[in-house]
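I opened this notebook page to record which chains meet in the model and what their contact is made of. The entries follow the order in which I looked things up.

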There are 4 protein chains.
Amino acid sequence: MSLSELREQVWQANRDLVGAGLVTLSFGNASGSDRDAGVVVIKPSGVPYTSLRPDDMVVVSLAEGTVVDGDLRPSSDTPTHLELYRRFTSIGGVVHTHSSFASAWAQAIQPIPPLGTTHADHFAGAIPVTRRLTDEEIDGDYERETGVVIGETIAALGFDPLHMPAALVASHGPFTWGSDAADAVTTAIALEAVAAMAHRTLALDPRTEPIGNSLLGRHFRRKHGPDAYYGQGKA
Amino acid sequence: MSLSELREQVWQANRDLVGAGLVTLSFGNASGSDRDAGVVVIKPSGVPYTSLRPDDMVVVSLAEGTVVDGDLRPSSDTPTHLELYRRFTSIGGVVHTHSSFASAWAQAIQPIPPLGTTHADHFAGAIPVTRRLTDEEIDGDYERETGVVIGETIAALGFDPLHMPAALVASHGPFTWGSDAADAVTTAIALEAVAAMAHRTLALDPRTEPIGNSLLGRHFRRKHGPDAYYGQGKA
Amino acid sequence: MSLSELREQVWQANRDLVGAGLVTLSFGNASGSDRDAGVVVIKPSGVPYTSLRPDDMVVVSLAEGTVVDGDLRPSSDTPTHLELYRRFTSIGGVVHTHSSFASAWAQAIQPIPPLGTTHADHFAGAIPVTRRLTDEEIDGDYERETGVVIGETIAALGFDPLHMPAALVASHGPFTWGSDAADAVTTAIALEAVAAMAHRTLALDPRTEPIGNSLLGRHFRRKHGPDAYYGQGKA
Amino acid sequence: MSLSELREQVWQANRDLVGAGLVTLSFGNASGSDRDAGVVVIKPSGVPYTSLRPDDMVVVSLAEGTVVDGDLRPSSDTPTHLELYRRFTSIGGVVHTHSSFASAWAQAIQPIPPLGTTHADHFAGAIPVTRRLTDEEIDGDYERETGVVIGETIAALGFDPLHMPAALVASHGPFTWGSDAADAVTTAIALEAVAAMAHRTLALDPRTEPIGNSLLGRHFRRKHGPDAYYGQGKA
């Protein structure tokens, strides 16, 4: 894949976040990585989505974090994205949003329990919330520390990052990831739908129990892994 | 009706689900049946709605479940649709969605009580929720078992399926049906509106009582059966 | 005003209900009256809003309720509209919707308390809810009885109908009225906004008190009556 | 900046309120000030947003409140805007809306606590709610008194108005302000997003604690003040 194609993909992913209704003002950002080339392509900081062009996407070194190509400053959340690419070596795309229901769970510092098959189609268990960052982490290399605490959270649960492709950062909002930027966008859309549905479920009955492992596993395996039978397959 | 017309109808029904705001990503599916020809036409699995064409609809044998015509895999929920067509012999269309409020009721494993005339215009009583599937059913022929449990639920309540054209599958979401695919879509739209309204009603007063049989019957009969006087009649 | 102009106005009012997001499927209807001509023009029953044309509007006799002109059946709610025109002699338009938040209040059988100035800009007090209809009323001339109970509710509160241009029918939904069909549509839009805002306010604090008479009166009089100073005046 | 440019800016700001979904009917208004010219340009009263043209914007004297140019009456809320421009000498734009979630907090007479970084990105602390106006204030120079009580509220908290660019008027709704009309619109959009998110957070856990000063300060300073590193800088 050429750098120009990656820029186009990342630009499209950022626009798809808007199209899906996940974006208010210039909140949020999507990135994609070409690991062979050692780069991450990411949205510039604070530029209105409506005026974004593919060439505005900023190319950053995966190892160093320095800007390799592009005239604009990269998203202020770039160090978080880079930390995730370094820790989750199987991923090729990262998305961050402040979508309303997912952010409400993050602000309540509660994981989203798996209450139904919409959840199980996308996530292999409860969607975790990180611990709060310490004052030292906040006052220090804040954005990188945000990536560190996400990485710790997924590792502590023992998940393959592609089986739990999302985490809620406490008092902040969701990050999602996937095989590429488009895949991370799909997960961000599914996450917001699942977050709204779980919110509305608990309003009806706060004691609703998570679904059992049979149903969780069945739905997750319908879409993921060697026994998947959802979709048209990958020839 | 030719097979080509049925494909067009089912394609239109799937698009109408999107137009009505009931669809996130590629969740959900609509089908229609030509009982004389012994076939069901259904959406292909996991194909984005935006790129669907009428010719992508898959033709499946009602008796055998095998693909009779079409290049794509049918929806993974096809065995549920087939089971419903076999059990509810008067229906000609089935719709499945993960619409947000109806799925919240399904996840809370609560029937939607009839709290007003919007409900009564479409459903002859509380909209039922199925029992949970057993681990054996989940690990076995899962999608067919989903249809079996819906069939059991409607049968146990003694409803004519066209008088109770919807059920919530526990921990999953709604299925609706009707005389054809378009009719099942109409019911899916009404169901989501009724589910939201009931949710908001109980938030105001959790002890709201269901409406009485007089009002329920009056509104249902305005639109359904020999004494219907809503609409322009069927000449 | 010619009958053709009234048809156009009523058609536009029905379309504006859709544009404002108050309509699901073919729920709801708007009408307008020419009292000099002794007629009410109303939406036909059960016709999709998208295919409505001005000529589809049905002309009904205000005194008799019979169809005077038009090829289609009038809305099944026509007797409710007629009863309101007969009781509220100053009005020229009526609207009925099943808008979600207003219907939730109607289903909870609770009046909407005046909690802020958005309410006071449009309604001179709490928006009332009718009593439940009796089984005799439901089984009898149901739609006319619905108009009777609305009329009783407004009369019992002592309101000029143009100062309280809305009521919630218990277990059903809202009716609004005004000087013409467009005015009744404006009130239906304001009512849904006020219903949502009040719902969200009580979720934050169920004990929120209604605003006092000073603020209620000041805002209502800014827009209504001889001392109004909102808008561009009527020259 | 010419008066014609200011009119265009204020017209655009009013249209952007509609585009952002913050407006129902003709609720709300945006204004901008040219302090050197001693004028405020504001939306006319009660004119539908769809028919507004730049030339409809009304030019008012900042010192006197009299109409300097324009054929239409200025917004009935003009005295509130003028009072804010006089008290907050660093601002160049004011916006008033009745957006649903922010108005719900105003109606509940509760400040919006800072529960996450979306809040901290825009507001340096809890978004305050004013005290109720007295009957004397309501019956007197009501709109000016509304500006007075907002000014008192911000002053009592010791905030630089550009660090706390919003207040909720008790039982009414939000006012926001900024360096110009567009900036005040951005804050009005962020406020409604933050109000919805906080509402949904407290529904999950009513005891959610406000975020600490470290996180609040870090995010606010990312976007505001000499150490800001969000966006593309101002060259």
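How far apart are the nearest C-alpha atoms of chain A and chain C, which do not touch? I worked on a predicted model, and in it I found 11 Å between the nearest C-alpha atoms of these two chains. I then turned to chain B and chain D, which no contact joins either, their closest C-alpha atoms lying 11 Å apart.

Next I looked up chain D against chain A, where the contact draws 30 residues from chain D and 30 residues from chain A. I noted a buried area of about 2700 Å² between the two chains, with 53% of it on carbon and sulfur atoms. On the chain D side, the residues that lose the most area to chain A are R200(D), L204(D) and Q232(D), which together account for 25% of what that side buries.

I went on to the polar part of this interface, for which I have 3 salt bridges and 19 residue pairs in polar contact, both residues of each being at pLDDT 80 or more. One of the salt bridges pairs E143(A) with R218(D), and I read 3.7 Å between their closest N and O atoms.

The most comes from α7(D), with 11 residues.

How values were computed. Residues are numbered from 1 along each chain as its sequence is written. Chains are lettered from A and ligands numbered from 1 in the order in which they are written. This is a predicted model: local features need pLDDT of at least 70, side-chain atom pairs count only at pLDDT 80 or more; totals for chains, interfaces and linings use all residues. Side-chain values use heavy atoms; hydrogens and water are left out. Contact means heavy atoms within 4.5 Å. Buried area is the accessible area (1.4 Å probe) that two parts lose on being put together, summed over both. A salt bridge is a side-chain nitrogen of Lys or Arg within 4 Å of a carboxyl oxygen of Asp or Glu. A polar contact is a pair of N or O atoms within 3.5 Å; within protein, one must be able to donate a hydrogen and the other to accept it, and residues adjacent in sequence count only if both atoms are side-chain atoms. Helices (H or I, at least four residues) and strands (E, at least two) are DSSP runs, numbered from the N terminus.
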